[in-house]
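Start with the structure below.

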Amino acid sequence: MGKKLCYVVSGPSGAGKSTLIKLAAAAVKSVGVTVSCTTRSPRPSERDGMEYHFISHKRFEELIKDGEFIEHVECFGNRYGTIKNAVSDVLLKKNRCIMDLDFDGAYKVLEDGLLSGIECVGVLILPPSIKSLQRRLTERNSDGAAALRDRLENSFNCEKIARYEHVIINDDIQNSSRRFNNILAG
Ligand code: ADP
Ligand code: 5GP
């Protein structure tokens, strides 16, 4: 058994994090993905327990009160959080775990060492341009006009990027996926 590692993946909405993570989960057997909780509604392609645990605001509050979260944030008008078991469950089965976190959550894990005793590596996924990001988000067709604007405005609102060890400009998906998988397997 090798060393346990957590990869913290962040980037603007639409940069391609979920796409790259899905491809990696299928290709790199030593890596697992944590499933977060969210209060947002599932997209048509998403299933409860797969991409997220889709829960009510009330349930989210209960989990906070019970101290179940490692970290949680409010992002784009919804709440997102990682429960402690999500990380330990993955690390029981696999050596490496991927967490898809917003910039604030990522900062807390990478800088403040929330996962004590586990080495964490930051991977920043960026789109090739703002225009392409706009196009991807529009074509993903998962948000209304206001939510889309919100996601775009948040995109480069990240002063905290110095802590990321790896940066992938996700232009060609095959190249990016190869790079990402190599980082995870390395
Ligand atoms: P995120 O998880 O970062 O919000 P997604 O993985 O949902 O982003 O990707 C946003 C949209 O862009 C999706 O429809 C996805 O299929 C598409 N996409 C992802 N990577 C690329 C790429 N390299 N080139 C073109 N489209 C992409
Ligand atoms: P989306 O709604 O597009 O799935 O995710 C919106 C944002 O929430 C993304 O930036 C994603 O990285 C972030 N996110 C998803 N799960 C968590 C989590 O458990 N904690 C934090 N801090 N951010 C999360």
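## The second largest pocket

The second largest pocket holds about 210 Å³ of space. It is lined by 13 residues, and the closest to its centre are Gly32, Val33, Asp89, Val90 and Lys93. Keep in mind that this is a predicted model.

Two elements, β2 (31-33) and α3 (84-93), each give two or more residues to this lining. The most comes from α3, which gives five residues. By class, the lining of the second largest pocket has six nonpolar, four polar and three charged residues.

## The largest pocket

About 1400 Å³ of space lies in the largest pocket. Its lining has 49 residues. Closest to the centre are Lys17, Ser18, Arg43, Tyr52 and Asp100.

## What lines the largest pocket

Helices and strands both take part. The helices that supply at least two lining residues each are α1 (17-27), α4 (103-112), α5 (130-140) and α6 (145-154). The strands that do so are β5 (69-75) and β6 (78-83).

Which element gives the largest share of this lining? It is α1, with six residues.

The classes in the lining of the largest pocket are these: 18 residues are polar, 16 are nonpolar and 15 are charged.

## How such spaces are found

A probe the size of a water molecule is rolled over the atoms, and this shows where empty space is left.

Conventions. Residues are numbered from 1 along each chain as its sequence is written. Chains are lettered from A and ligands numbered from 1 in the order in which they are written. This is a predicted model: local features need pLDDT of at least 70, side-chain atom pairs count only at pLDDT 80 or more; totals for chains, interfaces and linings use all residues. Side-chain values use heavy atoms; hydrogens and water are left out. On a 1 Å grid over the protein atoms alone, a cavity is a set of points where a 1.4 Å probe fits but cannot get out, and a pocket is an open set with protein on both sides within 12 Å along at least five of seven lines; lining residues have an atom within 4 Å of a point. Grid points are joined across faces, edges and corners, and a volume is the space filled by probe spheres set on the points. Helices (H or I, at least four residues) and strands (E, at least two) are DSSP runs, numbered from the N terminus. Ala, Val, Leu, Ile, Met, Phe, Trp, Tyr, Cys and Pro count as nonpolar, Asp, Glu, Lys and Arg as charged, and the others, Gly among them, as polar.
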